[in-house]
Amino acid sequence: MAKGTLYIISAPSGAGKTSLVQSLLTMLPDVVASVSHTTRPPRADEVDGRNYHFIDEAQYMRIVEGGEFLEHAKVFGNYYGTSRQHIQEQLLLGKDVVLEIDWQGARQIRQLMSDCMSIFVLPPSLQALASRLRNRGQDSDETIDRRMKEAVSEMTHYAEFDYIVINDDFDTALRELASIFTSNRMLLVHQQQRHGDLLAELLKPDS
């Protein structure tokens, strides 16, 4: 069985990363999402175990002390972490794993797993990003202004990633994102693992 690939996907808040990933999961077989742990409270539309594992700070610190996180960080006043065991189990089952994470976590994981792939999702403009944040109807003007400043800071790290997807037209961005997964599966090393028996049969000398 071919081992799966870990895909790190980062983006500033409001770029549409989560919507793209949700659509990708229904579009491609053998792609699963990694569910991170966080100490922040769930939003109204979030479900524990599906969007995040919502835990308190004491639980979080126990997991950190046990070395069970592949990466962990404090972001915007809340703690986040990625389960090492969960990702490794899915990869060994041949699943491609998608991890939505900020650039700091992405940097940590790239140092530990050099064979992972990283993708940065960008908005088509700052105006479009601000509009998307306002249309959510979740944040005050003050919070939106703060998120815009943070977004500009985050986007300065785009060059650390392997791929860039610009989310202007959603369907186009989704196709571009899916093409990264599909083309990676066609690489020689992955095809040799996936179709080893076939390749051996095709190259068998005449008996």
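Helices here are DSSP runs of H or I with at least four residues, strands are runs of E with at least two, and both are numbered from the N terminus. An axis is a line fitted to C-alpha atoms, for helices over the stretch in contact, and angles run from 0 to 180 degrees between N-to-C directions.

This is a predicted model, in which local features need pLDDT of at least 70, side-chain atom pairs count only at pLDDT 80 or more, and totals for chains, interfaces and linings use all residues. Residues are numbered from 1 along each chain as its sequence is written, and side-chain values use heavy atoms, with hydrogens and water left out.

| Helix pair | Angle | Axis distance |
|---|---|---|
| α5 (residues 126-136) and α6 (residues 141-155) | roughly 135° | within 10 Å |
| α1 (residues 17-27) and α7 (residues 170-185) | about 60° | 10 Å |

The angle makes α5 oblique to α6. Oblique is what remains once angles under 35 degrees count as roughly parallel, over 145 as roughly antiparallel and 65 to 115 as roughly perpendicular. α5 passes α6 in a right-handed crossing, meaning that the near helix is turned clockwise from the far one by less than a right angle. Here L126, L129, A130, L133 and R134 of α5 meet I144, R147, M148, A151, V152 and M155 of α6; contact means heavy atoms within 4.5 Å. This contact has nine nonpolar, no polar and two charged residues. Nonpolar covers Ala, Val, Leu, Ile, Met, Phe, Trp, Tyr, Cys and Pro, charged covers Asp, Glu, Lys and Arg, and the others, Gly among them, are polar.

Now for the other pair: α1 and α7 pack at about 60°, which makes α1 oblique to α7. α1 passes α7 in a right-handed crossing. S19, L20, S23, L24 and M27 of α1 make the contact with F170, A173, L174, L177, A178 and F181 of α7. Nine of these residues are nonpolar, two are polar and none is charged.

Finally, take a look at a loop. D48 sits between β3 (37-38) and β4 (53-54). Which residues does D48 contact, leaving aside its neighbours within four places in sequence? They are H53 and F54. The C-alpha atoms of D48 and P124 are separated by 32 Å, and these two residues are 76 residues apart along the chain.
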